[in-house]
Amino acid sequence: MRALPLFLEVSVQHIEDTEQTLVIRWAELQSCKYPDLEMLFHIPNGGKRNAREAARFKQMGVKAGVPDLFLAAPRGTFHGLFIEMKSPKGTVRENQKKWLKKLAKQGYDTAVCHGFEEARDKIIEYILREN
């Protein structure tokens, strides 16, 4: 018998991935209560790739530093919510800071969330805003 669900069985190096997986799974489970959670998705810009694959992804428009998650649901004056996921002790790189700043200037809410709980709380706070 498994000690953890299969989607949680990852190595310590993948804490950020695990936390993001929890966010996505939580959103799937809560979409009946908050239908706009169906508009939450991952932007696959990160990860290790070999040189050939990295070149192909760059040609396809991958941009370093773009946040991990996007909730494509306008609220108040915001067009949507971008979230950069970090492990509990993770730090934001310069290119990520630049993207968050650019997106905020374009009318998006942005957040850096260190773990599942911070991301969940930010998403709920965002969703409950008046339109």
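Helices, taken as DSSP runs of at least four residues, are numbered here from the N terminus. In this predicted model, the protein chain contains four helices and four strands. Read from the N terminus on, these elements follow the order α-β-α-β-β-α-β-α. Of the 131 residues in the protein chain, 35% are buried. Among contacts with a separation of 6 or more, 65% involve residues 24 or more positions apart.

The side chains of Lys 122 and Glu 125 meet in a salt bridge, with an N to O distance of 3.0 Å. These two residues lie three places apart in helix 4 (residues 116–127), and are therefore separated by about one helical turn. Lys 122 has a relative accessible area of 16% and is buried, whereas Glu 125, at 34%, counts as partly exposed. Glu 125 also forms a salt bridge with Arg 129, in which the closest N and O atoms are 2.8 Å apart. Arg 129 is itself partly exposed, with a relative accessible area of 24%. Together with Asp 109, the residues Lys 122, Glu 125 and Arg 129 are linked in a network of salt bridges. Side chains of opposite charge can pair when their charged atoms come close. Lys 86 has its place in strand 3, and its side chain reaches the backbone oxygen of Thr 91 at 3.2 Å. When neighbours within four places in sequence are left aside, the residues in contact with Lys 86 are Glu 16, Thr 91, Val 92, Arg 93, Gln 96, Val 112, Cys 113, His 114 and Gly 115.

Six of the six residues of strand 3 (residues 81–86) are buried. In a regular strand the side chains alternate between the two faces of the sheet. In strand 3, Leu 81, Ile 83 and Met 85 point one way, while Phe 82, Glu 84 and Lys 86 point the other way, and all of them are buried.

Strand 3 pairs with two other strands. Strand 2 (residues 69–71) runs antiparallel to strand 3 and is joined to it by three bridges. In this pairing, Leu 71 stands opposite Leu 81 of strand 3. Strand 4 (residues 109–114), by contrast, runs parallel to strand 3, and six bridges join the two. Here Phe 82 stands opposite Thr 110 of strand 4. Between strand 3 and strand 4 the chain passes through helix 3 (residues 94–105), forming a β-α-β crossover that is right-handed.

The nonpolar residues of the interior were examined next. In soluble globular proteins, nonpolar side chains tend to be buried together. The largest nonpolar core in the model comprises 19 residues, and those with the most contacts inside it are Val 23, Leu 37, Leu 40, Leu 71, Ile 83, Met 85 and Ile 123. At least two residues of this core are supplied by each of helix 1 (15–30), strand 2, strand 3, strand 4 and helix 4. Helix 4 makes the greatest contribution, giving five residues to this core. For Val 23, with neighbours within four places in sequence left aside, the contacts are Leu 40, Leu 69, Met 85, Phe 116, Ala 119 and Ile 123.

Note on methods. Residues numbered from 1 in each chain as written. Predicted model: local features only at pLDDT ≥ 70, side-chain atom pairs only at ≥ 80, totals over all residues. Heavy atoms only, no water. Salt bridge = Lys/Arg side-chain N within 4 Å of Asp/Glu carboxyl O. Buried < 20%, exposed > 50% of the residue type's maximum accessible area, 1.4 Å probe, protein only. Pairing = 2+ DSSP bridges. Right-handed = clockwise from strand over helix to strand, strands pointing away. Core = buried A, V, L, I, M, F, W, Y, C linked by side-chain atoms within 4.5 Å. Contact = heavy atoms within 4.5 Å. Polar contact = N/O pair within 3.5 Å; in protein donor to acceptor, adjacent residues only side chain to side chain.
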